[in-house]
Amino acid sequence: MVERGKLFTDGNFIKECMIKAANELCPEKANFFESISLSAISVVRTAEELGENIALQLHQKARNFLWYSLALDESTDLLSTSQLLMFIHGIDLDFQITEELPSVCSMHGRTTGEDIFMEAHKTLQDYNLQLNQL
């Protein structure tokens with residue numbers, strides 16, 4: 001659901017559909033589908049855990065970067081809030097390339113180049129990336 005941008009509350013509807021399909025296709029497994037929790041809280045918790053895991057993996061990979069580059073995209077959403085997306089492309093000794101989006105920052109009010117730099121610098125510090133490797 002999260003991958004497709006669906007509401008967290010769609011889980012209960014999906015569960016109902018799965019149970020009906022299971023009753024038709026494999027009635028002996030229908031009880032298994034009853035025990036699956038797709039409540040909004042469960043879906044949110046799973047999405048948070050996945051996000052934390054991705055961040056942990058990027059922290060581990062970033063320790064081994066020889067060099068990295070950044071791509072920043074700053075745009076304004078429908079509520080006139082500036083959104084800064086920061087992409088990191090890193091390479092390690094084994095020439096393994098990592099491309100991730102470690103940071104999405106909401107920046108309220110007027111944003112200057114200095115504001116954007118400070119947000120980017122904060123993300124680099126979070127991942128312990130050195131400017132001399134940029």
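**Notes on the predicted model**

1. The largest nonpolar core consists of 10 residues: Leu58, Ala62, Phe65, Tyr68, Met86, Ile88, Ala120, Leu124, Tyr127 and Leu129. Helix 3 (40-62), strand 2 (82-91) and helix 4 (113-126) are the elements that each give two or more residues to this core. Please keep in mind that this is a predicted model.

2. Leaving aside its neighbours within four places in sequence, leucine 129 is in contact with Ala62, Phe65, Tyr68, Ile88 and Leu124. As background, nonpolar side chains in soluble globular proteins tend to be buried together.

3. The sheet is open and is formed by three strands in the order 1-2-3, with antiparallel pairing. Strand 1 (67-76) and strand 3 (97-107) are the edge strands, each pairing on one side only. On average, neighbouring strands of this sheet are turned by 15 degrees against each other, direction ignored.

4. Within the sheet, nine bridges join strand 2 and strand 3 in the antiparallel sense. Histidine 89 stands opposite glutamate 99, a residue of strand 3.

5. Helix 4 lies across strand 1, strand 2 and strand 3, and runs at about 130 degrees to strand 3. Helix 4 has 14 residues, and the distance from its first C-alpha to its last is 20 Å, close to the 20 Å expected at 1.5 Å a residue.

6. Which residues of helix 4 are buried? They are Ile116, Ala120, Thr123 and Leu124. Seen down the helix axis, the buried residues of helix 4 fall within an arc of 100 degrees, so they line one face of the helix. Strand 1, strand 2 and strand 3 are among the elements that cover these buried residues. On the face turned away from the buried side, helix 4 carries the exposed residues Glu114 and Gln125.

7. Two backbone angles deserve a check. Phenylalanine 95, in the loop between strand 2 and strand 3, has a positive phi of about 60 degrees although it is not a glycine.

8. Asparagine 128 is not a glycine either, and its phi is positive at about 55 degrees. Asparagine 128 counts as exposed because its relative accessibility is 56%, and the cut-off for exposed is over 50%.

Conventions. Residues are numbered from 1 along each chain as its sequence is written. This is a predicted model: local features need pLDDT of at least 70, side-chain atom pairs count only at pLDDT 80 or more; totals for chains, interfaces and linings use all residues. Side-chain values use heavy atoms; hydrogens and water are left out. A nonpolar core is a set of buried Ala, Val, Leu, Ile, Met, Phe, Trp, Tyr and Cys residues joined through side-chain atoms within 4.5 Å. Buried means under 20% relative accessible area, exposed over 50%, partly exposed in between (1.4 Å probe, protein chains only). Helices (H or I, at least four residues) and strands (E, at least two) are DSSP runs, numbered from the N terminus. Contact means heavy atoms within 4.5 Å. Two strands pair if DSSP finds at least two bridges between them. Axes are lines fitted to C-alpha atoms, for helices over the stretch in contact, and angles run from 0 to 180 degrees between N-to-C directions. The expected span of a helix is 1.5 Å times one less than its number of residues. The arc is that of the directions from the helix axis to the C-beta atoms.
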